[in-house]
Amino acid sequence: MEDQSKKVPFWRSLRTKFALTYMVIVAAVIVLLNTYPVLVSQDLMYQSKKASLQSQAAVIASALAGPEVLTAESVERTITVLGMPGVRRVMVTDPAGQILYDYNNGERAGTGGRYALIWELTTALRGNDVFRSEYREGAFRSRAAVPVSYRGMTMGAVYLYEYDTEQGALLLGIQSNLRSMSVVICIVAVIMSAVFSQALTRRIGALLRAIRVVREGEYSHRVPVTGGDELSRLGEEFNALTDRLQTTEEVRRRFVSDASHELKTPLASIRLLTDSILQAENMDDQTAREFVNDIGEEAERLTRITEKLLTLTRLDNALPAKIVPVDVAWVAEKVRHMLTPLARSAEITLESRLEEDCLVLATEDDLYQIAFNLMENAVKYNVPGGRVIVTVFRRGEGRACWVTLRVEDTGVGIPEGDMTKIFDRFYRVDKARSRAAGGTGLGLSIVRDMVRQHGGAVTVRRREPEGSCFEVSFPYYAEKEEMQP
Ligand code: ADP
């Protein structure tokens, strides 16, 4: 099938893009989660170690500071008095860097008399406090060295070395917890992205399928709508569009079938009449003339129907008409004048009550057609001695000001159940009467479509005590206001 060839490539599909975006975001979160807290904890531990180790070294240095030259014995004595700090190594040197005291891992180291080639110590002997700490293989290795100064002279230096696995283990614990959390987040993210992207593509697929089905002409097809997200809205809009298409298609089909039926009837009559003339032997002139007259009437009827159909098609296509201010009262008067002979022959009196300044924006031809159809019907569906009353008036103020054309008659009236249907194409309450009066069943449809096109409304109701009352209203066009800048 054609549609299969239009399959979206994997790398361009929404599903892939969605899953990839999800993965990138999750990866970024995991990297952040595994670095930031560890770095912050490391820094905090560094700061606390620096403070404690340096202060311990400073305490020893200030205890050793004095006028006498430092010796191994004096240092040992002082440290014994102070108490051994809880570190792995304590070293004290003289100003030349020669080791006076070295206590390593709980015992005396045999380094006495040697020179300490430790960077921290040599820096301290130059009068600076030094601290260095590094975290490696689960342990903090921290070193602090301070000079022993007396009256501006460097008498020696104290060096402390701490090897801490306790806080290292804490950091390791944090790291391993974060790693476990990352694994869980990864698994959840993969599952969720798979589920969401699957659901997304499934729903988009259903919409695409529905569009294809409707495109093939299956207008009754609808897409199931679940949830309340954007895709559901899309589904609802699609269904509403398809509803509209279906209605339009049904109206079109009914119209075509009704129109062909209406055209068939006069054509069948013409055919019948011509056959009768051809088959009749010795038909007298008078009868032949009557038959030809009937054929002429049917042809006229066909012309009327096609003209009205053309008018409706023009309205359907809604070609932009050039609208101008038109006085409804003036148009109504013109139609009344035109229909006077017809009314006189049907023994109907035409009355009119017309207000002044009833301007609306429309075309004169359309307004004429609307008034003509309504007033002609009022005469056609009337009884001898009946009346037709045409009123044009203005009601309301400002934007809510409307001009109304009311056509009342004292005729046969319209049954309540047919009131809404008479505006449908080809609908006639009394088919025989309409036909006898030269009706096509299209007059009121034309009225309705034209009125709508000019932003108006048409209504019909029973007239008491007899007859019907049609009203057409349009927004009033206020000429004077319009002329102001
Ligand atoms: P038609 O060409 O048959 O007059 P219309 O569309 O003008 O078609 O009217 C549709 C039907 O509505 C008519 O056939 C008629 O039965 C009914 N109708 C219209 N106007 C009137 C009226 N003033 N009084 C009674 N019936 C009417």
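Reply: Start with a pair of helices: H7 passes H8 in a right-handed crossing. Keep in mind that this is a predicted model. H7 covers residues 328–345, and H8 covers residues 364–380. Their axes lie 9 Å apart, and the packing angle is about 40 degrees. Angles under 35 degrees count as roughly parallel. H7 and H8 are therefore oblique to each other.

Which residues of H7 and H8 meet? From H7 come Val-328, Trp-330, Val-331, Ala-332, Lys-334, Val-335, Arg-336, Met-338, Leu-339, Leu-342 and Ala-343. From H8 come Glu-364, Leu-367, Tyr-368, Ala-371, Phe-372, Met-375, Glu-376 and Val-379. By class, the contact of H7 with H8 has 15 nonpolar residues, 4 charged and no polar ones. An α-helix has 3.6 residues a turn, so residues three or four places apart point the same way.

Now leave the helices for the loop between H7 and E8, where Glu-347 sits. Its phi is near 60 degrees, a positive value in a residue that is not glycine. Most residues other than glycine have a negative phi. Is Glu-347 buried or exposed? Glu-347 is exposed, since its relative accessible area is 54% and the cut-off for exposed is over 50%.

Next come the strands. E8 (residues 349–354) pairs with E10 (residues 387–395) in the parallel sense, over 6 bridges. Across that pairing, Arg-353 faces Thr-391 of E10. E10 also pairs with E11 (residues 402–409), this time antiparallel, over 8 bridges. There Phe-393 stands opposite Thr-404 in E11. E10 and E11 form a hairpin with 6 residues between the strands. In that hairpin, Gly-396 takes a positive phi near 90 degrees.

Past E11, look at Phe-426. Phe-426 lies in the loop between E11 and helix H9 (431–436). Phe-426 is not a glycine, yet its phi is positive, about 70 degrees. Phe-426 is buried, because its relative accessible area of 7% falls under the 20% limit.

Strand E9 (residues 359–362) holds Leu-361. Leu-361 is partly exposed, at 35% relative accessible area. What does Leu-361 touch, leaving aside its neighbours within four places in sequence? The contacts are Ile-323, Val-324, Pro-325, His-454 and Tyr-477.

From here, turn to helix H10 (residues 443–453). How many of the 11 residues of H10 are buried? The count is 9, and the helix is mostly covered. The buried ones are Gly-443, Leu-444, Ser-445, Ile-446, Val-447, Arg-448, Asp-449, Met-450 and Val-451. H8 returns here: the cover over these residues includes H8, helix H6 (285–317), strand E12 (457–462) and strand E13 (468–475).

H6 and H10 pack at about 25 degrees, with axes 10 Å apart. That makes H6 roughly parallel to H10. Their crossing is left-handed, whereas H7 and H8 cross in the right-handed sense. H6 brings Lys-308, Thr-311, Leu-312, Arg-314, Leu-315 and Asp-316 to the contact. H10 brings Ser-445, Ile-446, Asp-449, Met-450 and Gln-453. By class, the contact of H6 with H10 has 4 nonpolar, 3 polar and 4 charged residues.

Two backbone details follow H10. Just after this helix, Gly-455 has a positive phi of about 75 degrees. In the loop between E12 and E13 sits Pro-465. The peptide bond from Glu-464 to Pro-465 is cis, with omega near 0 degrees. In general, most peptide bonds are trans.

Finally, step back. Leu-361 and Pro-147 are 103 Å apart, C-alpha to C-alpha, and 214 residues apart in sequence. An open sheet of 6 strands runs in the order E3-E2-E1-E6-E5-E4, with antiparallel pairing. E3 (107–108) and E4 (130–136) stand at the edges with a single partner each, so one side of each lacks a neighbour in the sheet. Inside the sheet, 5 bridges join E1 (residues 89–93) to E6 (residues 153–164). Arg-89 has Tyr-161 in E6 as its bridge partner. Helix H4 (residues 166–215) packs on this sheet and touches E4, E5 and E6.

Key
Residues are numbered from 1 along each chain as its sequence is written. This is a predicted model: local features need pLDDT of at least 70, side-chain atom pairs count only at pLDDT 80 or more; totals for chains, interfaces and linings use all residues. Side-chain values use heavy atoms; hydrogens and water are left out. Axes are lines fitted to C-alpha atoms, for helices over the stretch in contact, and angles run from 0 to 180 degrees between N-to-C directions. Helices (H or I, at least four residues) and strands (E, at least two) are DSSP runs, numbered from the N terminus. Angles under 35 degrees count as roughly parallel, over 145 as roughly antiparallel, 65 to 115 as roughly perpendicular and the rest as oblique. A crossing is left-handed if the near helix is turned anticlockwise from the far one by less than a right angle, and right-handed if clockwise. Contact means heavy atoms within 4.5 Å. Ala, Val, Leu, Ile, Met, Phe, Trp, Tyr, Cys and Pro count as nonpolar, Asp, Glu, Lys and Arg as charged, and the others, Gly among them, as polar. Two strands pair if DSSP finds at least two bridges between them. Buried means under 20% relative accessible area, exposed over 50%, partly exposed in between (1.4 Å probe, protein chains only).
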